[in-house]
Amino acid sequence: MIVKEISVKSVLSKSQVYDYAMNPYRGCSHGCRYCYAAFMKRFTGHREPWGEFVDVKINAPELLAKEIERKPVGRVWVSGVCDPYQPVEKEYRLTRKCLEVLLGAGWPVTVQTKSSLVLRDIDLLRTSGNVEAGFSITTADEKIRQIFEPGASPIGERIEALNALHGRGIKTFAMIAPILPGAERLPDALEGAVDYVLVDRLNYHYANRVYREQNLAWAIENRFFAEMGRKLADEFRRKGIPLQLVF
Ligand code: SF4
């Protein structure tokens, strides 16, 4: 893993999902096989494969403090094109420092991760009533997780973390994207741990590519995504868990 410290000129960008996105790192060592953010590599000058480099935006917290002074208040998605709690965060604590800046100024924040390291910051997240913390969870099958998301936390750890966050009064959600084999067990696994669920096909194209490589062609031929999406929607609704299906 190549880790490089860099200085950037801006850290708070406009987002199509929320008002803003804030990425303390460029690159992501979770190395998910379907990662839609891999296009970022083009802008980094890195020759290493996606998942094998991380640029650390070492001036992110100071820059963020200045940027929020001159921009209108809006919800900030942490992160968008990297995982804010990937392993390098243990040492650099940039996500934590940026959250301190945002929450200290009263900005609403949506944290999204695949790492149980977020639990380190649970007390910080609880200082604001306008924080949501979510996990991307694509399957309940740990073997499938290992194929598609080799560097991220095991599924059981993610669900335990959601339970812990939810139990401490933080609004929680699960993002199921892309839908992978084994997702059919998620409604049971997530019951009581999340306030709502998002399901979309953001990474459909990338997941299909991996499916072909892994000889999981049935998933494409059987229109797995659409059918499973509908089943998940029915099951979550039956359990009274609000769900947004973006198909
Ligand atoms: S955790 Fe997110 S940003 Fe990181 S590799 Fe996986 S999909 Fe990409």
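**Helix 1 against helix 3.** I looked up the handedness of the crossing between helix 1 and helix 3 in this predicted model, and I noted that the crossing is right-handed. The contact draws on Ala60, Pro61, Leu64, Ala65 and Ile68 from helix 1, and on Leu94, Lys97, Cys98, Val101 and Leu102 from helix 3. Sorting the residues of this contact by type, I get nine nonpolar, no polar and one charged. For the geometry, I read that the axes of helix 1 (residues 60–70) and helix 3 (residues 94–104) come within 9 Å and cross at roughly 20°.

**Sheet with strands 1, 5 and 4.** I then turned to the open sheet, in which three strands follow the order 1-5-4 with mixed pairing. Strand 1 (2–6) and strand 4 (25–26) are the edge strands, and each has a single partner strand, so one side of each has no neighbour in the sheet. Strand 1 runs parallel to strand 5 (residues 53–57), and five bridges join them; within this pairing I traced Val3 to its bridge partner Val54 in strand 5.

**Strands 8, 9 and 10.** Next I followed strand 9 (residues 171–176), which is joined to strand 8 (residues 131–136) by five bridges, the two running parallel. Ser136 is the residue I found opposite Met175 of strand 9. Strand 9 also pairs with strand 10 (residues 196–200), again in the parallel sense, over four bridges, and here Phe173 stands opposite Tyr196 of strand 10.

**Backbone exceptions.** The bond from Val78 to Ser79 is cis, with omega near 25°, and I placed Ser79 in the loop between strand 6 (76–78) and helix 2 (88–92). A cis bond also leads from Ala177 to Pro178, with omega near -5°; Pro178 belongs to the loop between strand 9 and helix 7 (186–190). Arg93 is not a glycine, yet has a positive phi of about 55°, and I located Arg93 in the loop between helix 2 and helix 3.

Last, I listed the residues around the ligand, which are Cys28, His30, Gly31, Cys32, Cys35, Ala37, Cys82, Asp83, Lys114 and Ala152. I recorded this shell as six nonpolar, two polar and two charged residues.

Key:
Residues are numbered from 1 along each chain as its sequence is written. This is a predicted model: local features need pLDDT of at least 70, side-chain atom pairs count only at pLDDT 80 or more; totals for chains, interfaces and linings use all residues. A residue is near a molecule or strand if its C-beta atom, placed from the backbone, lies within 6 Å of it. Ala, Val, Leu, Ile, Met, Phe, Trp, Tyr, Cys and Pro count as nonpolar, Asp, Glu, Lys and Arg as charged, and the others, Gly among them, as polar. Axes are lines fitted to C-alpha atoms, for helices over the stretch in contact, and angles run from 0 to 180 degrees between N-to-C directions. A crossing is left-handed if the near helix is turned anticlockwise from the far one by less than a right angle, and right-handed if clockwise. Two residues are in contact if their C-beta atoms, placed from the backbone, lie within 7 Å. Two strands pair if DSSP finds at least two bridges between them.
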